[in-house]
Amino acid sequence: MLFSEVYSAYFNAVAAILCEAVNGELTDKRILAIINEKAFSESFLEIIPAIKNEEWLLINKNMKTPIKKPPQMPLTTLQKRWLKALLTDPRIALFAPDPTGLEEVEPLFTANDIICFDRYLDGDDFSDGNYIENFHIILQALTDKRKLKINYESPKGRRVNGTYNPWKLEYSGKDDKFRLLTNGGCFGATINLGRIKSCELLGEFDSAALRDVPRESSLTFELTDYRNALERVMLAFSDCRKETRRLDEKRYTVTLRYSLHDETEILIRILSFGQMIKVIAPQSFINLIKERIFKQQKLFRE
Amino acid sequence: MSYSELIKDFSRIRDYMREFFVYGFKSREEIDIKSARSYDNERRRIESWLSEYMSFHQDTNGKNVFISVDSRRVTHNPLYQAWKAKSFTKNDITLHFWLMDILSPDKTLSLTEILDTIDSEYISFFLKSEPIDESTIRKKLKEYVDLGLIAAEKRGKQLVYKLPADKLNLQSWKDATCFFAETDPLGVIGSFLQDKLKSLPEYYAFKHNYLLFAPDSGIVLDLLAAINVHKRVELEIIDNSHKVNKRRIILPLKIFISAQSGRQYVAGCNTRTKRFKFFRLDSVLKIKPLDRADDFESYIELLNGYRKHLWGVASGSDGHIEHLEMVLVIEAYERHIIGRLEREKRCGAVERIDDTRWRFSADVYDAQEMLPWLRTFTGRIESLSCTNKSVEERFWGDLAVLAELYGGDGDVV
């Protein structure tokens, strides 16, 4: 059963509260802090009275509890079966978890039960020994905040050597690729893990040097809803931050925010909707579309 | 009944999350709801769960609420929060912590021994407490045995209980859990596991991550359970265009997921007609397991063969094949376009005609389904032909409308 109170934010918050009560450290201030950390923004309105009024027989009015040991909950069968299912996924080799304890567990499903039918075909080779080794080194560097010396092949086929501060490990489900986003050194770079020939752990770096400076751009388009375009466009761009406003029964304006780095990809995604979408700002993006249309019309006439 | 941020039934909240997340322009009056109070309660719940991602704007239609998330910048899917909002009774929460405290992996206890311990060490701790009756505790023990939280075994004629011995080193799964919680269709279970772990890694990021699959996790779980035991199911689905519920019986075979839109489907077979059908999971309301199909593997083989001509999830009306060819002009400095063709084609072939012209050809059930992809090559298409002439007509017709939309020939850059 997926929807169960044993996984609920309330149970998690109360477990943490009881943990402090068992150690004799519980205060009103801590109760509120734990609820705000573990549960929802209005949860204190329900949890605090239930505890204070002894509706839940867990803590008395003197902040004492009959619970004797810090609360722990074994894994449910569902959780174990999900972990066992992960062992059927080729990407699990990248994380090398310890499968001990799952020997008698039936997987919840297998990777073969799921098909990503429009995933690109040139994804990373997750079974390649060198790839797995590099992945482990990168994870270590990210965990310990250590610099990496990386030797990789650029998209143009040149060998590049450099020292980088690893920042994020980004996975794209569409591309089926991992990319290492680096930051804070002399220059930042995005390196496809599939292009890395070797990497080496170096010393620690100052994590304060890591900064999230998004190079964001935005565009606004008008959407005409026919052939179910409204739903298709809204879903297709649901990975981006956006704001939609209705103009009339069939027309909407959508403002979409995206990384400047992905401009060509966004252009392609916009083109895939044809005349359902008309970009109305900025002019530079409109020009990109016009350029493609012009080239197409020229080809057609020839 | 007074408002609570917790919910008993997940189905209604699925619709609201979709409305706020996907659309975000509908006011209270426009959302298809039973009552204004119901809207206000659901909105308040979602605001409480997802406060930092909720936004509002006001226009002539009223106040519009929407969820705004850049999925590339969140490490954990915020929509999983809804799965952590199940309501419970005071006995549920009290007994949970008592039983987890009383039981251990090393010692078994009978129901009587558990009752005695509760009476002497837990209930007596509180001045105004009332006893919890035996049948409530018995039911809770059974529920927890079914969940796997408690192990039961026979001691003579009576059942005795203990906590299961857990040999699993969950810490070793920390990175795997963080990754698959965001990329697996049942990642919400990973999110439950993350709640048990301390100091989670924050260095993962996810691109092209469509968060809206989260509310459909319960449907995915039921379907995968049926696939696992080869059972046919009755789907109750909503036909949004006609606002009616329908029932369909299929043998579910695979879950199909679009990595480019986040849409999820179940691929199933009507075992009577032997025809394959795809149903979007966000339209599935309920799943009822039926009888077991003996020849499951033969249907899987059939589906594997069927997929060779499937572009997406549309199989056309009569299953016949349509042939499509597209010739692209690709200059020497644009060789990455050939790479695009090779990696983005889901079936078919790419061949070189001469130095600058390349042909893509495919045989599919429904070539209309390819139109969005074909349009992404606008600016390079020398010719397009299809045995289904309506595909050609629509492509060129749409392109003419698009050109007109941007000012026609006279207004090019």
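**Exercise 1. Work out the strand order of the open sheet of 4 strands and name its edge strands.**

Solution. Start with the order: 6(A)-5(A)-4(A)-6(B), with mixed pairing. Strands are DSSP runs of E, at least two residues, numbered from the N terminus. Two strands pair if DSSP finds at least two bridges between them. Next, the edges: strand 6 (190-192) of chain A and strand 6 (204-207) of chain B each pair on one side only. From one strand to the next, the twist averages 30 degrees.

This is a predicted model: local features need pLDDT of at least 70, side-chain atom pairs count only at pLDDT 80 or more, and totals for chains, interfaces and linings use all residues. Residues are numbered from 1 along each chain as its sequence is written, with chains lettered from A and ligands numbered from 1 in the order in which they are written.

**Exercise 2. Describe how strand 4 of chain A is joined to strand 5 of chain A.**

Solution. Locate strand 4 at residues 166-172 and strand 5 at residues 177-182 of chain A. They run antiparallel, joined by 6 bridges. Check one position: A:Ser172 is opposite A:Lys177 of strand 5.

**Exercise 3. Characterise the packing of helix 1 of chain A with helix 2 of chain A.**

Solution. Take helix 1 (residues 9-22) and helix 2 (residues 28-38) of chain A; helices are DSSP runs of H or I, at least four residues. The packing angle is about 145 degrees, and the axes lie 9 Å apart. Axes are lines fitted to C-alpha atoms, for helices over the stretch in contact; angles run from 0 to 180 degrees between N-to-C directions.
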